[in-house]
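Subject: Structure for you to look at

Hello,

Here is the structure I promised to pass on. Please open it first, then read my notes below.

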Amino acid sequence: MSQWKQVQQLEMRLLEQVDYLYDDNFPMDIRQGLAGWIESQDWDSAVNDEAMASVLFTNLQTQLEKVRSQEQNFLQRHNMKIIQQQLQRKYTTNPTGMARVISTCLREERRILATTCTQEQGALEQSLQNSVAFERQKNMDNRVSIIRNSVQLMDQAVKNIEDMQDDFDFCYKTLQSRESADRTSEMIKQGITRLQEMLNRLDFKRKEILSKMDVVIKEIDDLMTSQLRPELQDWKRRQQIAAIGGPLLTGLEQLQSWFTLTAQSLFQIKRQLDKLGELVVKVTYESDPIPLQKPQMEERVKYLIYHLIKSSFVVEKQPCMPTHPQKPLIIKTGVQFTTKVRLLVKLPEVDYQLKVKTTFDKDLPAGRVSRQFFILTNNTKVMDIEDYSNGCLSVEFRHLQLKEKKYSNGTKGNEGLLSVTEELHSLSFEACFTVQGLAVDLETCSLPLVVISNVSQLPGGWASVMWYNLLTDEPRNLGFFGNPPRASWSQLSEVLSWQFSTFAGRGLNKEQLDMLGEKLLGQHASCGDYQVSWSKFAKENIPGKPFSFWMWLDSILELIKKHLLPVWNENFIMGFVSKEMERALLKDREPGTFLLRFSESHLGGITFTWVEHSDSGDVKFNSVEPYTKNRLSALPFADIIRDYKVISNGGVPENPLKFLYPDIPKDEAFGRLYNSQPSKVYPYIPSTLIPISELRSEASSTPRSCPSPEPPMTPGEFDMLSEHLCFDIDTMSSPYSE
């Protein structure tokens with residue numbers, strides 16, 4: 001079943017998450033119409049290959065044209081034509097941008113699908129998706145709507161006051177204009193009485209509208225303090241969690257709607273107060289409430305507008321290198337990175353272009369970091385209105401680049417107490433403008449960044465990004481790793497599962513997480529509240545190994561992503577089982593039953609162990625030397641399983657792998673993953689690479705390691721080797737141990 005068909009079968013809650021993926025950058029109509037073709041292309045590689053991206057963009061246009069020509073519905077044909085034109089405008093000069101958008105959408109679809117396969121959601125994910133949040137949002141919608149209606153009614157009330165005042169002014173001037181001969185004391189009395197009644201009504205209405213305004217202003221103030229600000233903080237927290245692989249970030253459009261509607265209400269109240277000020281110029285009297293109350297109200301409204309706009313300036317997309325879209329907040333010197341800021345309030349027309357300036361490590365105290373950087377490229381851009389942003393301003397910096405500062409002696413910064421990947425930095429954004437006579441200074445900053453100078457520092461940098469964003473919601477705690485807090489295993493295990501769903505398409509189940517916990521925590525693994533230190537997670541070596549727990553796990557993620565994805569997503573890899581548990585699982589199984597697990601002694605290695613039973617009833621376990629990226633680059637892992645051979649006691653090479661644990665016939669499990677494409681290099685005879693191991697004949701109940709040649713031998717090479725062997729194979733021993 002195609003990925004898109006699986007997506008369409010999701011429950012409504014998850015379909016809403018999918019809906020947020022698609023906009024004018026990549027309309028859902030295209031995803032629907034070209035589902036099969038889109039899923040068959042390598043968009044991930046095209047992100048970093050402009051030539052490949054250009055070819056895919058051209059092919060996409062061809063596919064769209066074909067679909068459009070076959071469409072019978074005139075309206076649908078018209079819509080497809082509009083979409084084609086939009087894509088041409090957006091991506092003709094930026095085909096890698098299109099590849100990046102589509103790659104992200106497909107990856108997020110896989111992540112959403114993966115959540116349905118996980119046995120249970122973690123506590124952190126549940127807290128982000130609970131029903132209380134939905135009820136809170138409904139309440140917010142209702143409250144904003146009530147305020148807007150109240151402000152609209154006040155508009156009409158101000159208009160009524162203006163009409164009443166015009167009537168009063170007319171009557172007053174009419175009474176004044178009468179000639180003295182026409183004036184009788186009785187007429188004057190009646191006229192004055194009438195004017196007094198009109199003035200009393202006018203005074204009452206003025207007091208009434210000011211009272212209503214005061215109530216609405218207080219309601220807006222409370223809305224901003226008790227709901228709007230917490231909702232913004234909640235979105236920022238969810239942005240942190242999404243950055244480290246958590247649930248897809250949604251809700252910015254909803255926030256933008258709340259901010260804009262609230263701002264519109266405040267601007268409307270400001271205009272109403274201005275109008276009342278104009279009315280006072282025409283008609284005022286002793287104890288007139290407008291001159292007494294208007295100045296204070298104006299100050300409160302300006303204060304609320306200022307702080308509403310100021311808080312609406314957010315980093316929509318955190319800094320990220322296009323080469324590593326799944327690992328934001330890590331920047332490599334000399335490599336371009338992108339980021340985007342948005343103003344959530346739709347402003348009335350501003351007096352001039354709104355320029356945003358970026359600054360790196362602004363106002364950082366001296367001595368806080370050992371290295372200093374500056375932005376090498378243009379750091380100022382003008383905010384613009386995006387088509388799909390409902391009129392709000394945003395700006396995307398696509399070509400920022402960092403360079404490390406050199407000192408007068410030609411050296412760079414000295415290393416401090418913290419490692420390079422523990423040193424945090426910040427990217428600030430500033431802008432200033434005037435709106436309706438009110439000067440506003442905008443400032444916001446990215447989440448803390450890790451700056452690396454070599455890709456080998458990427459795993460350590462990502463560990464720092466995960467640890468920070470898991471454990472704090474502070475936007476700029478750059479001294480965090482001076483004394484990093486501990487994480488509970490329940491928190492950490494959830495984030496580790498996210499890494500697998502993000503990078504490998506399928507998260508970890510409870511059994512796999514338990515196995516990981518046992519490796520990291522030993523006897524404390526069963527305690528979900530056990531506190532894990534930063535050092536134990538990412539800095540200390542695993543006992544007896546030359547690498548840390550995180551380096552080991554990250555190497556496995558890379559191996560899956562690049563070489564094991566089909567096998568992993570079929571759930572064929574048990575993964576993190578220990579050798580002791582492996583023996584317990586296999587000992588009572590049929591001969592030739594095997595399981596797949598990641599090596600505990602090699603970085604980025606996968607091995608398989610199978611069980612045999614001797615005639616005397618002894619149980620034997622055999623483990624092949626771990627396959628790493630070098631071997632897996634030569635031959636797909638499913639083909640290795642199919643073609644693997646063992647030479648035992650000088651006999652004929654045989655494939656000992658019969659059943660995938662617990663009892664699935666090997667070909668039934670892996671058959672659809674085999675590479676059946678024969679060699680087409682004419683006029684040569686097609687050849688196949690065959691992995692072969694030599695197996696000692698001695699009986700043992702402990703796993704035996706079977707070294708396999710690198711690269712695997714072809715049948716011809718194996719025949720030549722067999723003919724020229726001048727020693728007994730069963731006397732060979734392996735230098736490897738697993």
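Predicted model: local features only at pLDDT ≥ 70, side-chain atom pairs only at ≥ 80, totals over all residues.

Strands are DSSP runs of E with at least two residues, helices are DSSP runs of H or I with at least four residues, and both are numbered from the N terminus. Two strands count as paired if DSSP finds at least two bridges between them. In general, the strands of a sheet pair through backbone hydrogen bonds, either parallel or antiparallel. Strand β4 (residues 355-360) is joined to β6 by 3 bridges, and the two run antiparallel. In this pair, V356 stands opposite K381 of β6.

Residues are numbered from 1 along each chain as its sequence is written, and side-chain values use heavy atoms, with hydrogens and water left out.

Now the chain as a whole. It has 23 helices and 24 strands. Of its 738 residues, 47% are buried; that means under 20% relative accessible area, with exposed over 50% and partly exposed in between (1.4 Å probe, protein chains only). Among contacts (heavy atoms within 4.5 Å) with a separation of 6 or more, 72% are between residues 24 or more positions apart.

Next, the interior. A nonpolar core is a set of buried Ala, Val, Leu, Ile, Met, Phe, Trp, Tyr and Cys residues joined through side-chain atoms within 4.5 Å. The largest one has 154 residues, and I309, F537, L596, F608, F637 and F670 have the most contacts inside it. Helix α11 (residues 185-243) gives the most to this core, with 17 residues. Which residues does I309 contact, leaving aside its neighbours within four places in sequence? They are F267, L343, V345, L347, F433, V435, V440 and L442.

Last, the charged pairs. A salt bridge is a side-chain nitrogen of Lys or Arg within 4 Å of a carboxyl oxygen of Asp or Glu, and the count by this rule is 34. D514 and K510 form one, with the closest N and O atoms 3.1 Å apart. These two are separated by about one helical turn because they are 4 residues apart in helix α16 (residues 510-521). D514 is partly exposed at 38% relative accessibility, and K510 is partly exposed at 43%.

R642 and D639 also meet in a salt bridge, at 3.6 Å from N to O. They are 3 residues apart in helix α21 (residues 637-643), so about one helical turn separates them. R642 is partly exposed, with a relative accessible area of 25%, whereas D639 is buried, at 3%. Elsewhere, salt bridges that share partners join R136, E231, D234 and R238 into one network.

Regards
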